Amino acid sequence: MIPFLNLRQLNSKYDTAFKNAYRDVLDSGYYILGEQVSLFEYNYASYCQVEHCIGTGNGLDALTLILKGYMSLGKLSKGDEVIVASNTYIATILAVKLAGLTPILVEPDINTFNLDSRLIKNSLTPNTKVVLMTHLYGQLCDVNAIRSICDNHQLILIDDCAQSHGARLNSKLISGNLCDASAHSFYPTKNLGALGDAGAVTTNDNTLAERIKSLRNYGFNERYVADYEGVNSRLDDVQASTLNIKLKFLDEDNASRQHIAKRYVTEIQNEAIILPLYDNSQCHVFHLFVVRVANRTAFSTYLKNNAIGYNIHYPVAPHKQQALQELSKLSFPISEKIHDEVISLPCHPMLTDTEVSTIINVVNAYK
Ligand SMILES: Cc1ncc(COP(=O)(O)O)c(C=O)c1O
């Protein structure tokens, strides 16, 4: 069996480094917002070539804190509209709702799975204040086109970088420094994954960074003195030390993912399988390798019978989720097609060339 992803295997190469680091955290006596957190905030800000990194409890909180930060600074008000892709992971939409804002769903481009910049204009109203784009599956959105729409309409541009750690447009423009503020998740399966929940905000905006730093810790600037209505979403030192170790390998791990993706894109030749577009650039870090298949049930049964792990990201479109009833009357045919057809093949740094060949052979033999 080739599993879709085995986290124990993925983290095995860090075994000794983790044990030493955890010993140090234990001995330090500081377990939340301690030295390792400060070090990670410094390291990740440097990696993203950005002024500020603020560690948070998870990616959903990072998104919510950016929006609440802007609200707290008076730059957004309750009910303001936020454009998001209709096929994004549910957390992006929940963050908008948790902040008291209104999500406006816009269809993705079926070839990139990312927010279709050509459609954004049709959804703009006087209440539109933010575009929140998700670099889905690890591929950067059409950043330049979306940035110019935001500039023309005085909109704040935020990105959900949960799946795109290390994706680059060029040597200077990297996931995490492309927008006014960026949210990151370090959930264990991510390209940069902790061993528990963890997240961060990156930004060059000094005022926003200061406010989020306060909001993530009950709105305190001084201990036990709450200046704003904050939350508890602090990064802990065990996760931060894990991330400090793994960050050094992120580019190498992303290169492994790209190597596998290049093989899939060139060697999978089966008319039934629609491959993702990949231009061999650094703008896709293949958090997930997602193909489309008309009859997904038949294909997934076939993969299972041939001992190939798979996953579905995601089976239900946000507007079809029971939890988001208010969106249920809307129609997003491209998203619906995507959600009906997508299936993710194994794609991670521990996959061997032999395993990749096996997967390619099995997929090519599918009828
Ligand atoms: C695109 C996207 N946004 C947001 C999140 C939320 O992150 P977390 O699970 O750390 O809260 C995730 C990951 O789970 C994600 O994939």
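Author: The term salt bridge stands here for a side-chain nitrogen of Lys or Arg within 4 Å of a carboxyl oxygen of Asp or Glu. As a general point, side chains of opposite charge can pair when their charged atoms come close. Between domain 1 and domain 2 the count is three salt bridges, and by this rule the count comes to 16 salt bridges.

Before going on, a word on the source: this is a predicted model, in which local features need pLDDT of at least 70 and side-chain atom pairs count only at pLDDT 80 or more, while totals for chains, interfaces and linings use all residues. Residues are numbered from 1 along each chain as its sequence is written, and side-chain values use heavy atoms, with hydrogens and water left out.

Now for the two partners. Domain 1 covers 7–107 + 114–247 and domain 2 covers 250–364; such bounds come from an automatic or database domain assignment. Their C-alpha centres lie 24 Å apart. Where they meet, 32 residues of domain 1 are in contact with 32 residues of domain 2, contact meaning heavy atoms within 4.5 Å. Together the domains bury about 2,900 Å², with 57% of it on carbon and sulfur atoms. Buried area is the accessible area (1.4 Å probe) that two parts lose on being put together, summed over both. Glu 107, Tyr 137 and Asn 191 supply 27% of the area that domain 1 buries against domain 2, more than any other three residues.

You'll find Tyr 137 in the loop between strand E4 (128–134) and helix H7 (143–152), and its phi is near 65°, a positive value in a residue other than glycine. Helices (H or I, at least four residues) and strands (E, at least two) are DSSP runs, numbered from the N terminus.

Polar contacts also link the domains: 23 residue pairs, both at pLDDT 80 or more, are counted between domain 1 and domain 2. A polar contact is a pair of N or O atoms within 3.5 Å; within protein, one must be able to donate a hydrogen and the other to accept it, and residues adjacent in sequence count only if both atoms are side-chain atoms. On the side of domain 1 that touches domain 2, the elements giving two or more residues are helix H1 (7–11), helix H5 (90–98) and helix H9 (237–247). H5 gives the most to that side, with four residues.

The side chains of Asp 253 and Lys 13 meet at 3.0 Å, N to O. This pair links distant parts of the chain, 240 residues apart: Asp 253 sits in helix H10 (residues 250–267), and Lys 13 in the loop between H1 and helix H2 (15–28).
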